[in-house]
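Me: I'd like to learn how to read a structure like this one. Could you walk me through it, feature by feature?

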Amino acid sequence: MKLSPRQLIEVALGVLTSVGGYLDVGAVATSAQAGAEFGFRHLWVLGLGTLVVIFLVEMSGRFAAVSGHPLRAALRERLGFNFFVATSAAEMVVGVLVLASEIGGIALALQLVTGVSYRWWALPVGLLVWALLWNGTFGVLEKGVALLGLVTLAFFFAAVRLHPPLGEVARGVIPGGGGHDAAHYWFIAVAILGALISPYLLWFYSSGAVEDHWSASDVPTNRMVAVVGMGFGSVVAASVLIVAAMVFLPRGIVVDDYAQIALGLTTALEGKLGFYLFAASLGIACVGAALEAALAMAYVLAQGLGWNWGESLKPRRATRFSVTYTAALLVSVVPMLLGVDPLALTVFSMALTAVALPIAIFPFLVLMNDERYLGRHRNGRLSNAVVIAVIALAFVLAVVTIPLQLKGG
Amino acid sequence: MEEGRRVDLVGEVLDQRLVDFIGRPMGCVDGLVLELEEGEPPRVSHVQTGGVTLARRLRGPLGGWLAAAARRWGGTRGEPFRIPWERVKAVGLDVEVELDADATPAWHWEHRLGRLVAKIPGS
């Protein structure tokens, strides 16, 4: 596969952006919890989640590049209005909770640095995210999040500096159980999968491919971005888990607030620098994810109802679209203003994402095989087998999440 | 439209995106109107778009609320917005119509919200 210079830049940019998309508040929180309580034993869950995300992201990008229609528009076109209304209603609810969690993550990062409670930061943070969306264009936000996202590599360096026992890390990559506390182990496993396989990332990614005017010639670029970008993101997430396993597990600390995770990096990097790096990583990853989650809600409605849409358009050129993300942000600020615990809300929204996963993934099976949209770029046997396996996995997750939350949450 | 082409109305037209003469999205094909004449085969006379038509497709109270909202605040005062089939230029992934989206009720809300959006700096 030979790539032109422009395509190489696209790949580099896509890889960096996907770190922002991949590593959100949910991934940080669930990986840290996993490491603190079960050592390296959830690493294989991260691997499985990453594999699923690579396939789904590749498909959503390919669909949009070839057809010029983002997935959510096609979902209504092929599966009808009633299906669109039912799934969108579910996704708006989950979307608001996820967005609220991301806002909570940014507010907490600011609390760590300033000492002022996250409740006071909720409104300014909401306003900041809104102002970025209102004034920025897709390209600017994409590149900005990409560059700033490099800060999250701090987790990787911290993990390396702690010299984790490689044999044990390797054993964590092999699927296994939780041992002493199975229900809790599996609850965290489900939350990790819910955090990694976020439908909003898919709607955002396929809309972005349309905003960037991708065409069928970008199919190879898209594949590279999906594989390398998501792989890169998973390395960072795995680093969070490893740091938590090295710092918290021996001390018997259970992660129940972000200040502790920050402390973990402080220990790892010997000094205040680690603390600030953690706050910056958390804040930036959450800003990226908040932008994507807010846009995803506007994309879903605009595409399913045939509005004109686009983050690259001035708000006055796509008023229904820009009013939708504004409204989504207004609603999502409320939980933090009321003082809901951000970490608890995050784990709850990740579990809810897992419950709603089957309806989000099922359309892939129909759409990715539609000749009118994809022509010769339809799914092959491998991709279809993966989609079926993921739908099966999603159903299992949806069924076990609530009992696990009651027993092990 | 090319002569003699067979079009699957539900598969290829219903729910597809409607675009105007310069490709701007103006909603989706929310409904199709058939004209029945004694002794003639049914003929597609219009495509419909907008909240009034959508409300009729929804079951339960949601449809009722949407219909009431469309009567009260909609651009067509509770009447469905119909586009004569003669205006349909092409049926592909998008259904292209020979209309200016800006001048149709399809953009009623785009314009109403536009007055609000214009007051905010940076818009």
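This is a predicted model: local features need pLDDT of at least 70, side-chain atom pairs count only at pLDDT 80 or more; totals for chains, interfaces and linings use all residues.

Me: Which strand is joined to E7(B) by three bridges in the antiparallel sense?

Reply: Here's the general idea: strands of a sheet pair through backbone hydrogen bonds, either parallel or antiparallel. In this case, strand E6 (residues 88–91) of chain B is antiparallel to E7(B), with three bridges between the two. A hairpin of two residues leads from E6(B) into E7(B).

Me: And how does strand E1 (residues 17–19) of chain B pair with strand E7 (residues 94–97) of chain B, and over how many bridges?

Reply: That pairing is parallel, over three bridges. You can look for B:Leu18, which faces B:Val95 in E7(B), and for B:Val19, which stands opposite B:Glu96 in E7(B).

Me: What is the order of the strands in that open sheet of four strands?

Reply: Reading across the sheet, you get E2-E1-E7-E6 in chain B, and the pairing is mixed. Strand E2 (25–28) and E6 of chain B are at the edges with a single partner strand each, so one side of each has no neighbour in the sheet. On average, neighbouring strands here are turned by 25° against each other, ignoring direction.

Me: Chain B has another open sheet, of three strands; what is the order there, and what is the pairing?

Reply: The order is E3-E4-E5, and the pairing is antiparallel. Strand E3 (31–35) and strand E5 (81–84) of chain B are the edge strands, each pairing on one side only. Neighbouring strands in this sheet are turned by 35° against each other on average, again ignoring direction. For a detail, take E3(B) and strand E4 (residues 43–49) of chain B: five bridges join these antiparallel strands. B:Val33 has B:His46 in E4(B) as its bridge partner.

Me: Can we zoom out? How many helices and strands are there in chain B?

Reply: Chain B has four helices and seven strands. Starting at the N terminus, the elements go α-β-β-β-β-α-α-β-β-β-α. Along the principal axes, the C-alpha atoms of chain B fill a box of roughly 55 × 35 × 20 Å. Of its 123 residues, 31% count as buried. As for contacts in chain B between residues at least 6 apart in sequence, 47% join residues at least 24 apart.

Me: At what angle do helix H3 (residues 43–67) and helix H10 (residues 182–196) of chain A cross?

Reply: Roughly 30°, with axes that come within 9 Å. That makes H3(A) roughly parallel to H10(A), and the crossing is right-handed. H3(A) brings A:Val45, A:Leu46, A:Gly49, A:Thr50 and A:Val53 to the contact, while H10(A) brings A:Ala189, A:Ile192, A:Leu193 and A:Leu196. Seven of the contact residues are nonpolar, two are polar and none is charged.

Me: Last one: how many residues of chain A are in contact with chain B?

Reply: 24 residues of chain A, and they touch 21 residues of chain B. The elements giving two or more residues to chain A's side include helix H4 (71–79), helix H5 (81–114) and helix H15 (319–337) of chain A. H15(A) gives the largest share, four residues. That side of chain A divides into nine nonpolar, nine polar and six charged residues.

Definitions and conventions
Residues are numbered from 1 along each chain as its sequence is written. Chains are lettered from A and ligands numbered from 1 in the order in which they are written. Two strands pair if DSSP finds at least two bridges between them. Axes are lines fitted to C-alpha atoms, for helices over the stretch in contact, and angles run from 0 to 180 degrees between N-to-C directions. Two residues are in contact if their C-beta atoms, placed from the backbone, lie within 7 Å. Ala, Val, Leu, Ile, Met, Phe, Trp, Tyr, Cys and Pro count as nonpolar, Asp, Glu, Lys and Arg as charged, and the others, Gly among them, as polar. Angles under 35 degrees count as roughly parallel, over 145 as roughly antiparallel, 65 to 115 as roughly perpendicular and the rest as oblique. A crossing is left-handed if the near helix is turned anticlockwise from the far one by less than a right angle, and right-handed if clockwise. A residue is buried if 20 or more other C-beta atoms lie within 10 Å of its own, exposed if 12 or fewer, and partly exposed in between; C-beta atoms are placed from the backbone.
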